[in-house]
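My plan is to look up a few pieces and jot down what I find.

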Amino acid sequence: MILLFIQPLLYGAALLWEKALFAAITVQAGYLLYRGVTLGRLPLVGLHDTLLFLSLSTAVLSIPFWVRIRPRKGFFRLTAVASLLFSLLGMLSRPSMMPLPPVLKTFWFELHVVLSFLSYGLFGIAAVLGVIFLLNRDVAMGRMMESLQYRAVLTGYLLFSLSMIFGGIWAYFAWGSYWLWTPKELWTTLLWLTYTLYLHLRFRPYWRGARIATIGIAGYGVVLFTYLGVGLLMKSSHSF
Amino acid sequence: MGIIKAIFNIFRSLRMANILLFILMGTMVIGAIVMPLFPSYRRINTTSLFSWLSVTPLRETWWLYIAILIVALLVINTIFCTVEALIKKDRNRRWPLVISPQLIHLGFAFIMLAHLLSSYMAMQGFVMLNEGGGIRFSNGDTLYLKRIEYQLQRGYITDMKAEIAYSDNRGITKRLISAPNRPAFIRGTGVYLKDVEVMPARRALLQISYDPGARWALVGGIFFIIGTTLLVILKIRQEAV
């Protein structure tokens, strides 16, 4: 339990001392591992677990980016703040201790959720890179941020597409159809369409630069609403 | 000839794709807002989409018609873009970079074909059977619930399975097991175990579903992922230069 309370403190410390990020990642991964062992399954059900996993995904996936960025202070601080925020929200949510419903006992579900949150982490990093692009006046730095944002979105798009396909396979075996008409599915499709639009718009020179960076930021708004807004406000196959 | 070329030029354009994607996003937002407002949407997943649309008032479903129209235009746009990309003679472009978006487009087209098939022909029904009981279908085939098993943990069902038997009208009987995430398939139709009860009688709720689009959606998904993976590798390399 102590690991749960330490990890946001370490993310906070990482704002002052970069290397504390690795400690935060280790402690958070340790806590999730402990939960996994205690529950006898992947801890990916309910807000508590998924928020902590999102926090961890964002922090871990930011590492390949921040080793490339110079100067990296702005990027580092923004991703650490995002991870801190998600870890605090996760800490405030009640952990689910209930046995897993039979319908969730399949690796299709696990693949679906893990890949979703990894892609959300990458879309979050893309949004951070977009913010830095908009705040930066240096042309070379801006070009690098835009290119890195594109790479984050493209990789996130692959993981998200995989997650949707695995989700479809799971839905077919669990509910008899690979697609269900619910608001959550519509928002998930909307999220996928948002990044499809991003990738298509980037082909056109008119949209390059600040415009595409802004869409990368707006896309993350759709991510957060699809994950938190729809999950909390609307009933769907994703409410457990 | 001029008109055909003009239509082709409009539909092959990236600009058209972007406009259509944007409109489709708008209709999806409207749909997500409209769906919880009307009780008719509680039945949308119980039958094929087109059957449901035929009995639901237009004022509740208009956004779906727009979405279907936009998707149809997007498929045409995708096909035209792919045809153009494949016939364009640009020797400077690397072949994998040309082919990977086309694989994604092909995957998208298959997934849309899957949706079309499911929207026309999918069917779903529920039946509650007592252990030892059965139900006879209109074609003369019979489904029996032979036995149910379940596991309880702190008052929650954590696992369950049902042994079923299916006799066709020629008298050939097949014994199968159905469990959550492990439906029993009989000639492409799935028998899904949804719930079990032991009081007042040992019985199970079974869902019988047929989704003809599923295999095409899977084919589309495979093409989509191969294309996207190839594109990610190539583009990340290209951007890094």
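Predicted model: local features only at pLDDT ≥ 70, side-chain atom pairs only at ≥ 80, totals over all residues.

**Entry 1: a hairpin in chain B.** I started with strand β6 of chain B, residues 184–186, which pairs with β7(B) in the antiparallel sense over three bridges. I looked up one pair: I186(B) has T189(B) in β7(B) as its bridge partner. Two residues lie between the strands of this hairpin, and R187(B) has a positive phi there, near 45°.

**Entry 2: on to the next strand.** I followed β7(B) across to β8(B) and found seven bridges, with the two strands running antiparallel. Here Y192(B) is bridged to Q207(B) in β8(B). These two strands make a hairpin as well, with five residues between them.

**Entry 3: the other neighbour of β8(B).** β1(B) is joined to β8(B) by eight bridges, again antiparallel. I checked M123(B) and found Y210(B) of β8(B) opposite.

**Entry 4: putting the sheet together.** In what order do the strands of the open sheet in chain B stand? I read off β1-β8-β7-β6, four strands with antiparallel pairing. β1 (123–130) and β6 of chain B are the edge strands; each has a single partner, so one side of each has no neighbour in the sheet.

**Entry 5: where the chains touch.** How many residues does each chain bring to the contact? I have 46 residues from chain B and 41 residues from chain A. On the chain B side, the elements that each supply at least two residues are α2 (14–34), α5 (95–121), β4 (156–167), β7 (189–197), β8 (203–210) and α6 (214–240). I sorted the residues on that side by type: 25 are nonpolar, 15 polar and six charged.

**Entry 6: a helix in chain A.** I finished with α2 of chain A, residues 20–39. This helix has 20 residues and spans 28 Å from first C-alpha to last, close to the 28 Å expected at 1.5 Å a residue. Which residues of α2(A) are buried? My list reads L21(A), A24(A), I25(A), V27(A), Q28(A), Y31(A), L32(A) and R35(A). The buried residues of α2(A) pack against α1 (2–14), α3 (47–66) and α4 (73–92) of chain A. After the helix comes G40(A), with a positive phi near 75°.

Key
Residues numbered from 1 in each chain as written. Chains lettered and ligands numbered in written order. Expected span 1.5 Å × (residues − 1). Buried ≥ 20, exposed ≤ 12 C-beta atoms within 10 Å, placed from the backbone. Contact = placed C-beta atoms within 7 Å. Nonpolar A, V, L, I, M, F, W, Y, C, P; charged D, E, K, R; others polar. Pairing = 2+ DSSP bridges.
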